[in-house]
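Please look through the sequence and the model shown below. The report that follows takes up the sheet, the helix packing, the salt bridges and a surface patch in turn.

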Amino acid sequence: MTPNQEKLRKVVVDYFNEHVDKTDSKTITLDDVFVVWFSKTLQNCKALLSTTVSDGMYYELTYNGDKKELYLDAYKKWKNKCIKME
């Protein structure tokens, strides 16, 4: 069964709370995680998630329904630059 968006958000909560620097004294809940983008095709899905924490991180979760495996990639945003297009 393909994980729903709440389960994906829970994965991010668990990952964040396990990896946050203990000196930050910060934990998050489901209310702090939001889905930026979600796509489901057949038994597979992919989602991009972020949190209300201003640390520049975002999370990509990919579910392989054939293997029943969920992959988590955690990324740090380094720059947000506007490029004018003509």
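In which sense do strand 2 and strand 3 pair, and over how many bridges? Strand 2 (residues 44–51) and strand 3 (residues 57–64) pair in the antiparallel sense, and six bridges join them.

## Basis of the values

This is a predicted model, in which local features need pLDDT of at least 70 and side-chain atom pairs count only at pLDDT 80 or more, while totals for chains, interfaces and linings use all residues. Residues are numbered from 1 along each chain as its sequence is written, and side-chain values use heavy atoms, with hydrogens and water left out.

## The sheet

Four strands form an open sheet in the order 1-2-3-4, with antiparallel pairing; helices (H or I, at least four residues) and strands (E, at least two) are DSSP runs numbered from the N terminus, and two strands pair if DSSP finds at least two bridges between them. Strand 1 (33–41) and strand 4 (69–76) are the edge strands, each of which pairs on one side only. On average, neighbouring strands of this sheet are turned by 15° against each other, direction ignored, where axes are lines fitted to C-alpha atoms, for helices over the stretch in contact, and angles run from 0 to 180 degrees between N-to-C directions.

Strand 1 and strand 2 pair in the antiparallel sense over eight bridges, and these two strands form a hairpin with two residues between them, where L42 in the turn has a positive phi of about 50°. Within this pairing, S39 stands opposite K46 in strand 2. On the strand 3 side, the bridge partner of L48 is E60.

## Helix 1 against the sheet

Helix 1 (residues 5–19) packs on the sheet and touches strand 1, strand 2, strand 3 and strand 4, its direction making about 130° with that of strand 1; contact here means heavy atoms within 4.5 Å.

L8 has its place in helix 1 and is buried, with a relative accessible area of 1%, on a scale where buried means under 20%, exposed over 50% and partly exposed in between (1.4 Å probe, protein chains only). Leaving aside neighbours within four places in sequence, L8 is in contact with P3, F38, C45, A47, L49, L61 and L70. From C-alpha to C-alpha, L8 and Y59 are 9.9 Å apart in space, although 51 residues separate them in sequence.

## Salt bridges

Two salt bridges are found in a search of the whole structure, each defined as a side-chain nitrogen of Lys or Arg within 4 Å of a carboxyl oxygen of Asp or Glu. K10 forms one with D14, the closest N and O atoms being 2.7 Å apart, and both residues lie in helix 1, four residues apart, about one turn of the helix. K10 is partly exposed at 41% relative accessible area, as is D14 at 31%.

The side chains of E60 and K46 also meet in a salt bridge (2.7 Å, N to O). Because E60 lies in strand 3 and K46 in strand 2, this pair ties together parts that are 14 residues apart in sequence. E60 counts as buried at 16% relative accessibility, whereas K46 counts as partly exposed at 29%.

## A nonpolar patch

F34, V36 and W37 make a nonpolar surface patch of about 310 Å². V36 has its place in strand 1 and, at 55% relative accessibility, counts as exposed. Patches are made of residues with over 30% relative accessible area and no salt bridge, like charges being joined within 9 Å and nonpolar side chains (Val, Leu, Ile, Met, Phe, Trp, Tyr) within 5 Å.

How values were computed
Areas by Shrake-Rupley, 256 points an atom, 1.4 Å probe, with all protein chains shown as cover.
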